[in-house]
Amino acid sequence: MLFSSLPFLFYFLPCALGLYFLVPRRLKNAALLLCSLVFYAWGEPRFVLFMAAAILQGYAAARLMERYPTRGRLLLTLSAVLSLGMLAYCKYADFLISGFNAVTGLSVPLLRMALPIGISFYTFQILSYVIDVYRGDAPAQRNLIDLAAYIAMYPQLVAGPIVRYADVAPQLQSRTHTVQDAALGARRFVLGLGKKVLLANVLYELVTVYQQSGQKTVLLTWLYAAAYMLHVYFDFSGYSDMAIGLGRIMGFRFAENFRYPFVSGSLTEFWRRWHISLGSWFRDYVYIPLGGSRVGKARWVRNLVIVWGLTGLWHGAAWTFVLWGLYFAVFLMLEKLFLGRWLKRVPVLGHVYVLLVALFSFVLFDAASIPAALETAGGLLGLGGLPLWDSGALYYLRSYAPVLALAAVGSTPLPAVLCRRIAAGRAGRVLDALEPAALLALLAVCTAFLVSGSANPFLYFRF
């Protein structure tokens, strides 16, 4: 079930919040878990048991670690093998079989296993929980319902952000519910919904135009690349906003997942601002345990290659995703060695560099194959004999220029800065008075778009 869908907005969410706030405090986690299971079963009923098995093994491993501390490493290994094994079976089995067939010339049949929604996210949360207990960073959760509510929590179940157990454990035990938090959460949710429906979905229409076009041009290829890059940003950051907003309504404080990545002056900074929860997860649970950057140059390169190869593979079972991760690894190495110092000397050049490298990366991210990615990248560079433009490309440029410009400005801190300045001045009271009506109007417009049947894909559902 998509957050940006009519069944969620007008059926599930009112019932879920109504139940949550009606039950006494001691039953709120149970109500949250029940609603989360219904939410997950709505689209994937057969995979609820699959997720339940993953939760149970994580719960058992952590409890046994506390009871038998000398067996902690063994229990951690068993839990990690089970968690990653289930993820590999569902997500990577056919990828591995295809690779095996290509190397050996055999024809082992593919499993064609359906991918459980959100498995990459909840697997990483279970892993972080068990690892934190093993390290002594958090006590094992004795209440199975509380642990299951954390892992299956519907606001962040299918698309993150990846919430660390150590960060949310105190809130599972005790959290406050206030009208102010509910209002702030609702505002964040509606703004995220607007980013998703009015920007990401509309930008995806231009992406679809390019994909279905029989006559591609250099201009249309650039329009596609820019639209896709902005689409991914508003699609995923909008969903993160909705998740953070829903959590705030229920008293949870989730960490930010995006901080205006396109204003970065380097790719190192970009990845501190983009999908923050995933980047910090790989940093704390893979990169630093491997030795991080406090090792020799050869081992440091190895660590970067491992982390970014895994980051790419996390996004999808295809060589395009692996290459996408390694593509960033190369640029991050160059920045660490010498490029970063050059970029600091000319900040404008750094911003242009980030935008261009990110744009080409999303071409690879969206491609069905590596040759297809190279063909599209060549089109951006004017290779392959493509005409510069035609009447169709000019038409789409005129038609989508306003939404592209709005999205470009909206991906920077400028709108938020302007709102804060207005709020700090005399017009602040007027803005406060108009805000509820403006949010209701935004919700109404989003609903109208959804009723009209506009395209409503969500990229990270496949992860």
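Is tyrosine 260 buried, partly exposed or exposed? The model is predicted. In this model, tyrosine 260 counts as partly exposed, because its relative accessibility is 28%.

## Tyrosine 260 and the largest pocket

Tyrosine 260 sits in the loop that links α9 and α10. Its phi is positive, about 50 degrees, although the residue is not a glycine. Tyr260 also belongs to the lining of the largest pocket. There it is one of the residues nearest the centre, along with Leu191, Pro415, Ala416 and Cys419.

The largest pocket has a volume of about 1,500 Å³. Its lining counts 41 residues. Which helix gives the most to this lining? That is α8, with nine residues. Helices that each supply at least two lining residues are α8 (179-212), α9 (218-249), α16 (391-410), α17 (414-424) and α18 (428-451). By class, the lining of the largest pocket holds 22 nonpolar, eight polar and eleven charged residues.

## The second largest pocket

The second largest pocket holds about 920 Å³ of space. It is lined by 30 residues, and those closest to its centre are Thr268, Trp271, Arg272, Trp308 and Leu332. Two or more lining residues come from each of α10 (267-273), α11 (276-290), α12 (297-315), α13 (319-345) and α14 (347-366).

How do the lining residues of the second largest pocket divide by class? There are 14 nonpolar, ten polar and six charged residues.

## Histidine 275

Histidine 275 is found in the loop between α10 and α11. Both of these helices give residues to the lining of the second largest pocket. Phi of histidine 275 is positive, near 45 degrees, and the residue is not a glycine.

Is histidine 275 buried or exposed? Histidine 275 is buried, because its relative accessible area is 0%, and the cut-off for buried is under 20%. Tyrosine 260 also has a positive phi, but tyrosine 260 is partly exposed at 28%.

## The second largest cavity

Rolling a probe the size of a water molecule over the atoms shows where empty space is left. How many cavities of 30 Å³ or more does the count give? It comes to two.

The second largest cavity holds about 40 Å³ of space. Its lining is made of Phe50, Ala54, Gln57, Ser83, Met86, Ile119, Tyr122, Thr123 and Ile126. Helix α5 gives the most, with four. Six lining residues are nonpolar and three are polar, with no charged residues. The lining of the largest pocket, by contrast, includes eleven charged residues.

## Asparagine 29

Asparagine 29 belongs to helix α2, which spans residues 28-43. Is this asparagine buried or exposed? Asparagine 29 counts as buried, because its relative accessible area is 7%.

Which residues does asparagine 29 touch, leaving out those up to four places away in sequence? The contacts are Ile145, Asp146, Ala149, Leu172 and Arg175.

Technical notes
Residues numbered from 1 in each chain as written. Predicted model: local features only at pLDDT ≥ 70, side-chain atom pairs only at ≥ 80, totals over all residues. Heavy atoms only, no water. 1 Å grid on protein atoms, 1.4 Å probe; cavity = no way out; pocket = protein on both sides within 12 Å on 5 of 7 lines; lining within 4 Å. Points joined across faces, edges and corners; volume = space filled by probe spheres on them. Nonpolar A, V, L, I, M, F, W, Y, C, P; charged D, E, K, R; others polar. Buried < 20%, exposed > 50% of the residue type's maximum accessible area, 1.4 Å probe, protein only. Contact = heavy atoms within 4.5 Å.
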